[in-house]
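Colleague: I have a model open and some things to ask about it. Can we go through it together?

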Amino acid sequence: MIRVAIIGGGISGLAAAFALEEHRRAGAAEFILYESSPRFGGVLRTEHIQGCIVEAGPDSFITEKPWAADLCRALGLGDQLIGSNDADRKTYILVRGRLIPIPDGLMFMVPTKILPTAFSPLFSWSTKLRMAQELLHPPHSAQSDESVASLVERHYGPEMVDRLADPLLSGVYGGEAVTLSVRAVLPRFAEMERTHGSLGRAMLAARKKMLRPANKPAPPLFTSLKSGMQQLVDTIVPRLDPNSLRANSAVESIRLEGGSWTVSAGSTPEHFAAAILALPTHAAARLLSNANSQLSAELAAIQYSSSITVGLGYGREVRQSLPPGFGFLVPRSEGKRLLAATFVHNKFPHRAPEDRALLRCFFAGSNAEDIWNLSDDAIIAIVRTELHQIIGLRATPLFARVYKWKSAMPQYGVGHLDRLDRIERLRQQLPGLALAGNGYRGIGVPNCVRSGHNAMKQVLASGSANS
């Protein structure tokens with residue numbers, strides 16, 4: 001039997017624990033899941049306010065990545081999965097103080113339909129000319145990693161970076177296109193440039209392969225849970241052995257001694273054959289500083305940004321007055337603090353009563369740090385001021401909630417995948433160690449679930465090899 005310490009009770013650690021639970025029941029493994037806070041689930045936190053489902057952290061996950069939905073089905077939550085209202089999907093970009101809809105056929109900044117893009121006021125005529133010329137780009141294989149901004153500007157010019165690439169990535173990663181790695185963040189784009197040259201030609205070729213029968217609708221872009229994302233956490237935790245769960249247990253140190261791991265968490269140290277660190281990389285770096293200083297340094301070099309989410313509820317009149325669609329993004333060049341706002345009642349069903357509007361506003365990176373120390377009331381006042389400026393919303397919200405997440409969003413900088421290769425080589429020098437979380441190969445919930453499951457397989461394989 002292998003004994004495993006799982007350090008970190010967010011969704012990555014919970015996924016690893018759930019995968020190990022089956023082996024525990026079979027008598028092949030046992031584990032202890034350490035969580036420093038009073039609750040498990042990390043950023044997956046949902047509040048129910050006046051009939052509205054308000055997400056403190058992520059509100060959904062990308063349907064295309066199957067691992068989170070697979071976990072939900074394994075937990076018996078298949079009938080609780082809901083898709084985004086893609087028939088009503090429309091996203092706006094703030095340009096010179098006006099909301100401009102992203103034109104039809106624009107697939108993550110790559111135009112696939114000529115007329116909607118040609119007639120859209122979102123882009124200048126010089127950028128539209130660049131889009132036409134981009135179709136003639138020859139194949140290009142970059143010798144090294146580069147920033148998203150570098151690749152996008154090479155194909156479409158700086159305006160595309162400012163108005164689309166940067167706002168889109170800010171909403172996902174809380175970072176800036178000028179620092180984020182193409183190979184880590186948009187690997188498809190790097191591959192499309194290598195094989196086709198033109199991103200537009202590559203995207204059109206991919207669309208032809210993806211054509212569906214008329215009677216088979218496309219899956220929704222986003223998936224969530226009917227009662228909110230915390231429903232996933234609330235379903236996993238009762239499935240785990242309560243004797244294996246240690247909330248309010250901050251791990252102070254771990255040591256590798258004689259091929260086993262000693263974990264100290266405020267009480268008597270415990271010994272394990274393996275350890276899964278399902279933590280932000282800077283927290284993992286601190287714990288591993290004595291075990292391997294090189295590994296610790298590589299983990300610490302992955303930067304993180306903070307984010308603030310503000311949920312606001314309004315009445316029927318506001319719901320009727322808001323623009324149709326999912327919400328809007330704000331380029332940094334507009335000089336606002338707000339980066340994005342989602343009209344949650346439009347994006348998903350089951351999120352608000354018919355007489356309520358539910359908005360979700362987002363700050364990240366330097367925009368979040370600049371207001372971090374302000375009171376909740378002051379942050380809400382900033383949100384209300386900018387909503388008034390952008391969409392003319394003057395009404396007083398029926399409720400407002402502020403959620404702060406310090407250093408929660410990893411920044412996959414240029415060279416990130418090379419760093420991960422070095423981390424993996426160093427990790428293999430420490431028997432029984434596995435790493436999981438959003439700091440490595442994807443920040444969304446599906447990637448975190450997959451990382452937890454893969455960590456479980458790694459430690460079981462190391463146990464088999466040593467037995």
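Colleague: What do the side chains of Glu159 and Arg163 do?
Modeller: They meet in a salt bridge, with N to O at 3.6 Å. Keep in mind that this is a predicted model.

Colleague: Where do Glu159 and Arg163 lie?
Modeller: Both are in helix α6, residues 158-173. Four residues separate Glu159 from Arg163, which is about one turn of the helix. An α-helix has 3.6 residues a turn, so residues three or four places apart point the same way.

Colleague: Is that pair buried or exposed?
Modeller: Glu159 counts as buried because its relative accessibility is 17%, and the cut-off for buried is under 20%. Arg163 is also buried, at 9%.

Colleague: How many salt bridges are there by this rule?
Modeller: The count comes to 24. One of them joins the side chains of Arg154 and Glu193, at 2.8 Å from N to O.

Colleague: Which helices do Arg154 and Glu193 lie in?
Modeller: Arg154 is in helix α5 (residues 148-156) and Glu193 is in helix α8 (residues 187-196).

Colleague: What about Glu424, which residue does it form a salt bridge with?
Modeller: Its partner is Arg427, and the closest N and O atoms are 2.7 Å apart. Glu424 and Arg427 are three residues apart in helix α17 (residues 416-427), so about one helical turn separates them. Glu424 is partly exposed, with a relative accessible area of 28%, while Arg427 is buried at 11%. Elsewhere, salt bridges that share partners join Arg3, Glu30, Arg246 and Glu270 into one network.

Colleague: Switching to sheets. In what order do β5, β6 and β11 come in their sheet?
Modeller: The order is β5-β11-β6, in an open sheet of three strands with antiparallel pairing. β5 (61-62) and β6 (81-83) are the edge strands, each pairing on one side only.

Colleague: How many bridges do β6 and β11 pair over?
Modeller: β6 pairs with β11 (residues 222-225) over three bridges, in the antiparallel sense. In β11, Leu225 is the bridge partner of Leu81.

Colleague: What holds strands together in general?
Modeller: Strands of a sheet pair through backbone hydrogen bonds, either parallel or antiparallel.

Colleague: Where is the kink in α1 centred?
Modeller: It is centred on Ala19, and the kink is about 25°. Ala19 is one of the buried residues of α1, and among the others are Ile11, Leu14, Leu20 and Glu21. Just after α1, Gly27 takes a positive phi of about 80°.

Colleague: Last topic, the surface. Which residues make the nonpolar patch?
Modeller: Ile114, Leu115 and Phe119 make a nonpolar surface patch of about 420 Å². Leu115 lies in helix α3, residues 114-118.

Colleague: Is Leu115 buried or exposed?
Modeller: Leu115 is exposed because its relative accessible area is 58%, and exposed means over 50%.

Definitions and conventions: Residues numbered from 1 in each chain as written. Predicted model: local features only at pLDDT ≥ 70, side-chain atom pairs only at ≥ 80, totals over all residues. Heavy atoms only, no water. Bend = angle between axes of the 7 residues up to and from the residue. Helix = DSSP H or I, 4+ residues; strand = E, 2+ residues; numbered from the N terminus. Buried < 20%, exposed > 50% of the residue type's maximum accessible area, 1.4 Å probe, protein only. Patch = residues over 30% accessible without salt bridge, like charges linked within 9 Å, V, L, I, M, F, W, Y side chains within 5 Å. Areas by Shrake-Rupley, 256 points an atom, 1.4 Å probe, with all protein chains shown as cover. Salt bridge = Lys/Arg side-chain N within 4 Å of Asp/Glu carboxyl O. Pairing = 2+ DSSP bridges.
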